Amino acid sequence: MTDLKLSAESIMTRADRLAEFSADEGQLTRAYLTPEHRAAHQQLAIWMTDAGLETWGDSVGNQWGRKVSPNPTQPTLVLGSHSDTVTNAGKYDGNLGVLLAIEALSLLRDVTLPFHVDVVAFADEEGTRFNTTLIGSSAVAGRYDRNWLSVADSDGVTIGQAMEQFGLSPEQAGMDARQPSDVQAYLEVHIEQGPVLEARNLPVGVVTGIAGAKRFQCQVKGMAGHAGTVPIHLRKDAMCGVAEMVLCIESYAEQRGIVATVGICDTVKGAINVIPGEVHFTIDIRSAKQALLEDSAHELMQKLADIAKQRHLALTSQTIYQATAVECNETLTQRWSNVVEKLTGHTPCLLPSGAGHDAMAMAHLAPIAMLFVRCDKGISHHPLENVIVDDVKVALDCLIEMIKTFDTPADSILAHHFKH
Ligand SMILES: [Zn+2]
């Protein structure tokens, strides 16, 4: 068996071990600033030390390990993902990226690089306990919001109080943010959390960007009436209008290459024998291309207004949430593609991420790039979340090769990054 296969098996064993650090026996739930957060990071620190890394914890509870360069002539390369989980989670979301990075540096132990390589396990990405996502990576990227300190969990414990109980100083939170001049890039490997790679029978894929989102709350008003007495052609049925709108949203999304979802749809004061007079529904639109997201949202709302007009219905809508799309660094994405093609022999699959990741916050600090690993049926945030050891081996191989590509005169990734 090759070293890489053994390493991939060791990563799988470690993922099982890491999943034991949980609030509940028999299922995995590991939230920010909890005893299981501490225990998991102590275990990660042991594995980091075993890999020959220097270790430390930072001001918000992230765990770091560094492969020290004896003579760094380039800024530090940062690898990472998150170690926290959702409630009743799978073992690989976030954790796989951290374990892959530690193992990659362990295998590169005898290779001297002209830069430090840091591995970081972000302590809070999911926001399970405090409903605030990306705390760990935001602190590192210099985007720590001090209002977070007063955000409370369901027991009324604030982040500031929880930090003190954990042994951290709230006053120091985010004060040790990394500087852009000190970080040449951030790389994250993560499970896909979707079915695209599995459908294409590919072990890994290169991420082009992380989707931005817009969410709308919509109200359609028609005229309620007796389900037995009003002929169809005289009705202003709000539900029939919404049905047409929902199908319009689906076909428009497909045509424009975005995703759009109507997740909630309710008849106001609906009854079995009443023509729906008012229906409320939501729209969630996402794209990794911000301009496309903006255009599509605008055009789509126009189309829905046309449907309402034809049916003599009144449509109103409010934007209730927006997140800006983050594009991965083009140079680095091309490098990932070259690496994947070289090591797998397949034309690389380029795909956007529909879910949020720490890389979104880290993009404020440095050029980012991500690699996705195929996961079983695209299932995530669930105990059935799974990856296969052969795919982990490919991801490890690609990550090691990718790290090595930085050991060349820089092709001005930073210049490219800050041009935008
Ligand atoms: Zn994740």
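**Note on the predicted model: salt bridges, zinc site and domains**

1. Aspartate 182 is partly exposed, with 27% relative accessible area. Its side chain meets that of arginine 178 in a salt bridge, at 2.7 Å from N to O. Arginine 178 is buried, at a relative accessible area of 12%. Note that the structure is a predicted model.

2. In general, side chains of opposite charge can pair when their charged atoms come close. The structure holds 16 salt bridges.

3. Another salt bridge joins the side chains of aspartate 16 and lysine 91, at 2.6 Å from N to O. Aspartate 16 sits in helix H1 (residues 3-18) and lysine 91 in the loop between E3 and helix H3 (95-107), so the pair ties together parts that are 75 residues apart in sequence. Both are partly exposed: aspartate 16 has a relative accessible area of 36%, and lysine 91 has 28%.

4. Aspartate 153 and arginine 129 also form a salt bridge, with their closest N and O atoms 2.9 Å apart. Aspartate 153 lies in the loop between helix H4 (135-140) and helix H5 (159-166), and arginine 129 in the loop between strand E4 (117-122) and H4, so this pair ties together parts that are 24 residues apart in sequence. Aspartate 153 counts as buried at 11% relative accessibility, and arginine 129 counts as buried at 19%; the cut-off for buried is under 20%.

5. Which residues coordinate the zinc ion? They are His82 (NE2), Asp93 (OD) and His190 (NE2), at 2.0 to 2.2 Å. Along the chain, these donors follow the spacing H-x10-D-x96-H. Histidine 82 lies in strand E3 (residues 76-82) and histidine 190 in strand E5 (residues 183-191), so the two histidines tie together parts that are 108 residues apart in sequence. Histidine 82 is buried, with a relative accessible area of 0%; histidine 190 is buried too, at 1%.

6. The domain assignment divides the chain into domain 1 (3-210 + 325-419) and domain 2 (212-323). Their C-alpha centres lie 38 Å apart. Six residues of domain 1 are in contact with seven residues of domain 2.

7. Between them the two domains bury about 430 Å², with 54% of it on carbon and sulfur atoms. On the domain 1 side, Ala325, Glu327 and Gly354 lose the most area to domain 2, together 71% of what that side buries. What polar pairing is found between the domains? There are three residue pairs in polar contact, and zero salt bridges.

Key
Residues are numbered from 1 along each chain as its sequence is written. This is a predicted model: local features need pLDDT of at least 70, side-chain atom pairs count only at pLDDT 80 or more; totals for chains, interfaces and linings use all residues. Side-chain values use heavy atoms; hydrogens and water are left out. Donors are N, O and S atoms within 2.8 Å of the metal (3.2 Å for Na, K and Ca); water is not among the atoms, so sites may look incomplete. Helices (H or I, at least four residues) and strands (E, at least two) are DSSP runs, numbered from the N terminus. Buried means under 20% relative accessible area, exposed over 50%, partly exposed in between (1.4 Å probe, protein chains only). Domain bounds come from an automatic or database domain assignment. Contact means heavy atoms within 4.5 Å. Buried area is the accessible area (1.4 Å probe) that two parts lose on being put together, summed over both. A salt bridge is a side-chain nitrogen of Lys or Arg within 4 Å of a carboxyl oxygen of Asp or Glu. A polar contact is a pair of N or O atoms within 3.5 Å; within protein, one must be able to donate a hydrogen and the other to accept it, and residues adjacent in sequence count only if both atoms are side-chain atoms.
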